[in-house]
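Me: Could you help me learn to read a protein structure? I would like to take one feature at a time.

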Amino acid sequence: MWKRALLIFFGLGFGLLTASELLTLQSKDGFVLKGWLDLPSQGKAPYRLALMVHEYGSDHRMWKALAAQMRRRGYATLAVDLRGHGASDRRHGKQVRVKPGHFLADAKRIGFARIPDDLRAWMDKMEARKDIEIEEPVFFGSSLGGGAVIPLMLDYEPKAVVTLSPASPKNFNKKEVMESVEESNSPWLIVSSQRDFARKSAELYASKAQLPTLIIVPGQGHGSYTLPSAGGYIKAFLDRYLK
């Protein structure tokens with residue numbers, strides 16, 4: 001028994017088992033935002049970065065499986081809780097949370113249009129670290145998070161972008177979003193489903209982007225609900241561009 005316990009102890013010490021580093025930053029309008037940074041168990045710092053941004057009504061945990069895959073590819077993963085979601089629900093000391101099913105009201109009350117600036121602040125925080133390399137990051141975004149990462153594509157020219165049911169540009173600065181769509185040269189996988197209410201936005205982005213790959217999976221799934229059908233496409237896309 002003691003030998004097994006000792007093995008687990010040394011496994012923790014030598015990176016066989018890893019623990020997330022909980023990070024905090026404050027938005028310009030007072031939200032205390034939380035993110036979880038995990039480093040790969042192999043390779044040497046500085047590590048390349050994968051930024052993972054969840055959908056409306058969810059939190060950072062929706063990316064658990066894909067984040068693990070990215071760490072096996074040698075990437076550090078930063079999975080954040082968006083303002084008003086998960087642990088990022090405090091503004092000026094008061095709890096401010098989304099109310100699922102009330103997207104439009106939440107967008108105005110919580111300030112979804114500011115999310116791209118929150119993500120830029122996270123990237124600034126990563127740039128300040130010696131163990132992270134932010135050049136040619138990989139961006140993952142779902143629904144609300146999928147729309148929010150788009151303006152960052154022109155800022156950081158990611159090596160690859162994966163979005164599931166990306167939100168309409170009207171939820172953010174539309175001019176900024178569409179400029180990024182049209183001018184970024186990053187390979188971009190856009191996933192939607194046949195009866196996804198965000199399919200029109202997905203098709204719009206694919207029609208304007210420089211290097212898009214549009215995948216329409218069967219059914220009416222939205223965001224994370226497309227993952228079971230899209231997993232193989234995501235892997236093939238990453239295998240192609242993350243060489």
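Me: Among contacts between residues at least 6 apart in sequence, what share joins residues at least 24 apart?
Reply: In this predicted model, that share is 70%.

Me: What radius of gyration would a compact globule of 243 residues have, and what does the chain have?
Reply: A compact globule with 243 residues would have a value near 18 Å, and the chain agrees because its radius of gyration is 18 Å. Its C-alpha trace spans about 60 × 45 × 35 Å along the principal axes.

Me: How should I think about the inside?
Reply: In soluble globular proteins, nonpolar side chains tend to be buried together. Here, buried residues make up 51% of the chain. The largest nonpolar core has 46 residues, and L78, L119, F139 and W188 have the most contacts inside it. Helix α4 (residues 115-127) gives this core its largest share, five residues. Apart from this core lies another, of 23 residues, including Y75 and V138.

Me: Which residues does L78 touch, leaving out those up to four places away in sequence?
Reply: Among them are L23, W36, L49, M52, W122 and M126.

Me: How do I read one side of a helix?
Reply: An α-helix has 3.6 residues a turn, so residues three or four places apart point the same way. Now look at α7 (residues 174-183), where V177, M178, S180 and V181 are buried. These residues lie on the same side of α7 because they cover an arc of only 155 degrees around the axis. The buried residues of α7 pack against α6, β9 and α8.

Me: What happens at the start of α7?
Reply: There, a side-chain oxygen of N173 comes to within 3.2 Å of the backbone nitrogen of K175.

Key. Residues are numbered from 1 along each chain as its sequence is written. This is a predicted model: local features need pLDDT of at least 70, side-chain atom pairs count only at pLDDT 80 or more; totals for chains, interfaces and linings use all residues. Side-chain values use heavy atoms; hydrogens and water are left out. A nonpolar core is a set of buried Ala, Val, Leu, Ile, Met, Phe, Trp, Tyr and Cys residues joined through side-chain atoms within 4.5 Å. Buried means under 20% relative accessible area, exposed over 50%, partly exposed in between (1.4 Å probe, protein chains only). Helices (H or I, at least four residues) and strands (E, at least two) are DSSP runs, numbered from the N terminus. Contact means heavy atoms within 4.5 Å. The arc is that of the directions from the helix axis to the C-beta atoms. A polar contact is a pair of N or O atoms within 3.5 Å; within protein, one must be able to donate a hydrogen and the other to accept it, and residues adjacent in sequence count only if both atoms are side-chain atoms. The radius of gyration is taken over C-alpha atoms; the globule rule is 2.2 Å times the number of residues to the power 0.38.
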